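Please read the following note with the sequence and the model side by side.

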Amino acid sequence: MATKAKRAEERAREPAPSTAFTPQPLDLERLRRRRNAAKKSRETENKHTYFIGVAEARYVLRKAFRIVEDQARAFGIDPLAHQALIQIYGSAEMHLQVNQIAARLDIPPAFASTLVRTLVEKGLADRRRDDQDQRVTFVGVTDSGKELLHAIDEKVKFHVDYFAGQLTPSERESALSILMFYVGAKL
């Protein structure tokens, strides 16, 4: 009950969310303390502080991913196919091999190959032979695929901004502290 009251009090102090979310600056020292407290809590018998951060991080990630998945479906693309396009377009060279796509999506290569075939058939991706080694095939995103990614992202931005505007600073810091812990980041 005290937690609900504390959240309500924090939200009351924050400006009302608008359709345009303005990120608030992070208190890096407070974020560092939360990360260290979560790390320390994980190593004790009472892991509550750690699991507060885990719960917040999973809530934020799941909500954001759900928004992205729903928007992908609204544009007529399977969420995993959408993620494949993101991985390809978001790679440094803007192309990946099928086995790299499989690794990035954590799926079997045979399934990644089927996913790529579907993207190619829809005109969202293409396959190209490597100039140096003709045995190697890369998958790239077509202009149509890029347009689709941009359109989905535009819709996602609105919904994620609204969601992020609903989070209290404490919820943001708890989620970030665990994400930092998971990737080994230190402030």
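1. In helix H6 (109-121), the residues Ala 112, Leu 115, Val 116 and Leu 119 are buried. Here buried means under 20% relative accessible area, exposed means over 50%, and partly exposed lies in between (1.4 Å probe, protein chains only). Viewed down the axis of H6, the buried residues fall within an arc of 100°, so they line one face of the helix; the arc is that of the directions from the helix axis to the C-beta atoms. An α-helix has 3.6 residues a turn, so residues three or four places apart point the same way. Ala 110 and Glu 121, on the other side of H6, are exposed.

2. The model is predicted: local features need pLDDT of at least 70, side-chain atom pairs count only at pLDDT 80 or more, and totals for chains, interfaces and linings use all residues. Residues are numbered from 1 along each chain as its sequence is written, and side-chain values use heavy atoms, with hydrogens and water left out.

3. The length of H6 can also be checked. Its 13 residues, at 1.5 Å a residue, should span 18 Å, and the end C-alpha atoms are 18 Å apart, which agrees; the expected span is 1.5 Å times one less than the number of residues. Just after H6, Gly 123 takes a positive phi of about 80°.

4. What covers the buried residues of H6? The cover includes H4, H5, strand E2 (125-129) and E3. Contact means heavy atoms within 4.5 Å. Helices (H or I, at least four residues) and strands (E, at least two) are DSSP runs, numbered from the N terminus.

5. The largest nonpolar core has 27 residues, of which Ile 77, Leu 85, Ile 101 and Leu 119 touch the most other members. Such a core is a set of buried Ala, Val, Leu, Ile, Met, Phe, Trp, Tyr and Cys residues joined through side-chain atoms within 4.5 Å. Helices H3 (48-74), H4 (79-89), H5 (98-105), H6 and H7 (143-166), together with strand E3 (137-141), each supply at least two residues of this core. The largest share, five residues, comes from H7. A second, separate core of seven residues includes Ala 38, Val 54, Ala 57 and Ala 175.

6. Leu 85 deserves a separate look. Leaving aside neighbours within four places in sequence, Leu 85 is in contact with Ile 77, Gly 90, Leu 119, Leu 124, Val 141, Leu 148 and Leu 149.

7. In which order do the strands of the open sheet lie? The order of the three strands is E1-E3-E2, and the pairing is antiparallel; two strands pair if DSSP finds at least two bridges between them. Strand E1 (95-96) and E2 are the edge strands, each pairing on one side only. Five bridges join E2 to E3, and Thr 137 in E3 is the bridge partner of Arg 129.

8. Gln 71 is found in helix H3. Is Gln 71 buried or exposed? At 13% relative accessibility, this residue counts as buried. Leaving aside neighbours within four places in sequence, Gln 71 is in contact with Ile 152, Lys 155, Val 156 and His 159. Gln 71 and Lys 155 are 84 residues apart in sequence and 6.8 Å apart in space, C-alpha to C-alpha.

9. For the protein as a whole, there are eight helices and three strands. Buried residues make up 34% of its 187 residues.
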